[in-house]
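Here are my notes for your first look at this model. Keep the sequence and the 3D view side by side as you read.

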Amino acid sequence: DGVYLVSFTEMASGKTLAFVPAQPVLLLPLPARAGRTWSFELSSTDGCTVWNFEGRVDAIDVTVTIGAKDTSTTRVHQGSTFRDSGKQGCTLVAWTTERSLWMHPDYYFFLRQELEFQGQVGATNSSGEELAILRSGVPL
């Protein structure tokens, strides 16, 4: 059981990458177990880009503060590598992301996300970090 990917679209430097697996692929196993790992590899719909994904449940019952309240979470790590397939006429893609998610154990959405990315799409290089923290740990 878990959360599965049925399609994914990424836009970077004017290029759209679309991935549609033949069968849904696992993004987050439920229930989460510390130490659990999973992975998949997909080709983009145009055959130009390959996406390698690796996931890992780092820990269960990790406390984070959301608003003024401490909340128990499950910490998950997700790493992705996007690379060109070698197909002629395609744009160069060499991109990596490392994402840590602190997931609410009852609602299965993230309360905190830390993302680092770097790479190249075509002639454009970029890198950066992103932090997202929800203000409430309960759906409205």
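1. Which residue does a disulfide join to C48? The partner is C90, with the two sulfur atoms 1.9 Å apart. Bear in mind that this is a predicted model. A disulfide is a covalent bond between the sulfur atoms of two cysteines. A search of the whole structure finds one such link.

2. Look next at the geometry of that link. The angle about the S-S bond is -60 degrees, and the link of C48 and C90 is left-handed.

3. Are C48 and C90 buried or partly exposed? C48 counts as buried because its relative accessibility is 8%, and the cut-off for buried is under 20%. C90 has 23% relative accessibility, so C90 counts as partly exposed.

4. Now the charged pairs. Side chains of opposite charge can pair when their charged atoms come close. How many salt bridges does the structure hold? There are four. Three of them are worth a look here, and the points below take them in turn.

5. Start with E41 and R83. Their side chains meet in a salt bridge, at 3.9 Å from N to O. This pair links distant parts of the chain: E41 belongs to strand 5 (residues 37-43), R83 belongs to strand 7, and 42 residues separate them. R83 is partly exposed, at a relative accessible area of 36%.

6. Move on to R56 and D58. These two form a salt bridge, and their closest N and O atoms are 2.5 Å apart. R56 has a relative accessible area of 35%, so R56 is partly exposed. D58 is also partly exposed, with 26% relative accessibility.

7. D58 has another partner. The side chains of D58 and R75 meet in a salt bridge of 3.7 Å, N to O. D58 lies in strand 6 and R75 in strand 7, so this pair ties together parts that are 17 residues apart in sequence. R75 is partly exposed, with a relative accessible area of 27%. What do the shared partners give? Salt bridges that share partners join R56, D58 and R75 into one network.

8. Turn to the open spaces. What is the volume of the largest pocket? It is about 510 Å³. The pocket is lined by 25 residues, and the closest to its centre are F8, Q78, R99, L101 and Q113. Several strands give two or more residues to this lining, among them strand 1 (2-5), strand 2 (8-12), strand 4 (25-29) and strand 6 (49-66).

9. Sort the lining of the largest pocket by class and you find 19 nonpolar, four polar and two charged residues.

10. The structure holds one cavity of 30 Å³ or more. The volume of the largest cavity is about 40 Å³. Its lining consists of E10, A12, L17, F82, W95 and V121. By class, five of these residues are nonpolar, none is polar and one is charged.

11. T74 lies in strand 7. T74 is buried because its relative accessible area is 11%, against a cut-off of under 20%. Set aside residues up to four places away in sequence, and T74 touches A32, V57, A59, I60, L101, W102 and M103.

12. The other is S100, in strand 8. Is S100 buried or exposed? With a relative accessible area of 18%, S100 is buried. Leaving out neighbours within four places in sequence, S100 is in contact with V76, H77, R112, Q113 and E114.

How values were computed: Residues numbered from 1 in each chain as written. Predicted model: local features only at pLDDT ≥ 70, side-chain atom pairs only at ≥ 80, totals over all residues. Heavy atoms only, no water. 1 Å grid on protein atoms, 1.4 Å probe; cavity = no way out; pocket = protein on both sides within 12 Å on 5 of 7 lines; lining within 4 Å. Points joined across faces, edges and corners; volume = space filled by probe spheres on them. Helix = DSSP H or I, 4+ residues; strand = E, 2+ residues; numbered from the N terminus. Nonpolar A, V, L, I, M, F, W, Y, C, P; charged D, E, K, R; others polar. Buried < 20%, exposed > 50% of the residue type's maximum accessible area, 1.4 Å probe, protein only. Contact = heavy atoms within 4.5 Å. Disulfide = S-S within 2.5 Å.
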